[in-house]
Amino acid sequence: MTKLLRNTCLAASVAASALVATPAVAAPVGAATPATARARIVRPLLLTATRNLDFGTITLGTVAAGGETVAMNQAGVVTCGSGGLTCSGTPVSAAYNVQGTNNQVVVITAVASPLTNANDGTTLSFSPNAPASVTLTNSGAPGTNFNVGGSITIVPATTDGVYSGNVNVTVDYQ
C-alpha cells in the first residue's frame, strides 16, 4: 500500500508541477506598418450594337486565284481587292455603345465568324477589326461609342448572293 501511496503522490506532484511550470507568454505585437484594405466597385458593363456592318455591293470580275480581300476600316472606308472586284453602295462599319464606370479602361474582343450565303449556304470568313480598348468617359448613359470594321476574302469560286452573319464582340474591364 505504501508503494501505491508513493506512486499516487508522485503522479499528483508531476501533475501539479505541469500546471505551475508554464512557459512565459509574449505580449501581442502589431505590424510596424499595417496592411491596407481596398475595394474597387464598378458598374456592370452594358454593350449595345447600334449599327450593323455593311460592305455594300461587291461585283465579281476576274478574281485572282489566291483570292482578293475586301477590307473595311473602323471608320467605314472600304478597300476593294486588287483589281478583280468592284465595290459600290454605301458601306458602313458596325457601331457599338458600351456603358459602365467612368474612367475605366474596357478591353474589346472581336472574333472571326462566318458570313453565310442565304442562297446556297456557302460561307465567307469574316475577320473583324475593332479597337483594342476604350476608356469610358462617364458612368452609365450615354456611354462610349466605338466602331468595328473587318475583312472578307473573295475567291474565284465565291457564289453570288447575300452573305450575313454576326459581328461577335465582347467587352470587359481591364
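Which residues is Asp-172 in contact with, leaving aside its neighbours within four places in sequence?

**Entry 1: Asp-172**

I began with this question and found that Asp-172 is in contact with Leu-45, Val-105, Val-106 and Val-107 once its neighbours within four places in sequence are left aside. I took contact to mean heavy atoms within 4.5 Å. The model I consulted is a predicted one, in which local features need pLDDT of at least 70, side-chain atom pairs count only at pLDDT 80 or more, and totals for chains, interfaces and linings use all residues. Residues are numbered from 1 along each chain as its sequence is written, and side-chain values use heavy atoms, with hydrogens and water left out.

I located Asp-172 in strand β13. Helices (H or I, at least four residues) and strands (E, at least two) are DSSP runs, numbered from the N terminus. I noted that Asp-172 is partly exposed, because its relative accessible area is 49%. The scale I used calls a residue buried under 20% relative accessible area, exposed over 50%, and partly exposed in between (1.4 Å probe, protein chains only).

**Entry 2: the chain as a whole**

I then looked up the secondary structure, which comes to 1 helix and 13 strands. Read from the N terminus on, the order is α-β-β-β-β-β-β-β-β-β-β-β-β-β. Of the 174 residues of the chain, 26% count as buried. I also recorded that, among contacts between residues at least 6 apart in sequence, 73% join residues at least 24 apart.

**Entry 3: the partners of β7**

Which strands does β7 pair with? I used the rule that two strands pair if DSSP finds at least two bridges between them. Strand β7 (residues 105-111) runs antiparallel to strand β10 (residues 133-135), and 3 bridges join them. Strand β7 also runs antiparallel to strand β13 (residues 168-173), here with 6 bridges.

I followed Val-107 to both partners. In β10 its bridge partner is Ser-133, and in β13 Val-107 stands opposite Asp-172. I checked Asp-172 and Ser-133 as well: their C-alpha atoms are separated by 9.3 Å, and the two residues are 39 apart along the chain.

**Entry 4: aromatic pairs**

I searched the whole structure for aromatic pairs and found 2. Rings of Phe, Tyr and Trp (its six-membered ring) pair if their centres lie within 6.5 Å; planes under 30 degrees apart count as stacked, over 60 as edge-to-face and the rest as tilted.

Phe-55 and Phe-126 form an edge-to-face pair, with 6.2 Å centre to centre and 75 degrees between the planes. This pair links distant parts of the chain, 71 residues apart: Phe-55 is in the loop between β1 (46-51) and β2 (57-60), and Phe-126 is in strand β9 (residues 123-129). I noted both Phe-55 and Phe-126 as buried.

Tyr-96 and Phe-146 form a stacked pair, with 5.6 Å centre to centre and 15 degrees between the planes. Here too distant parts of the chain are linked, since Tyr-96 lies in strand β6 (residues 94-99) and Phe-146 in strand β11 (residues 144-154), 50 residues apart. Tyr-96 and Phe-146 are buried.

**Entry 5: the nonpolar core**

Of its 25 residues, Phe-55, Val-98, Val-106, Phe-146, Ile-152 and Ile-154 touch the most other members. The elements that give two or more residues to this core are β3 (68-72), β6, β7, β9, β11 and β13. Strand β11 supplies the largest share, 4 residues.

I looked up Val-98 in particular.

**Entry 6: Asn-117**

Is Asn-117 buried or exposed? Asn-117 counts as buried because its relative accessibility is 2%. I placed Asn-117 in strand β8 (residues 113-117). A polar contact of 3.1 Å joins its side chain to that of Thr-159. Such a contact is a pair of N or O atoms within 3.5 Å; within protein, one must be able to donate a hydrogen and the other to accept it, and residues adjacent in sequence count only if both atoms are side-chain atoms.

**Entry 7: the disulfide**

The link joins Cys-80 to Cys-87, with an S to S distance of 2.0 Å.

Terms used. A disulfide is a pair of cysteine sulfur atoms within 2.5 Å. A nonpolar core is a set of buried Ala, Val, Leu, Ile, Met, Phe, Trp, Tyr and Cys residues joined through side-chain atoms within 4.5 Å.
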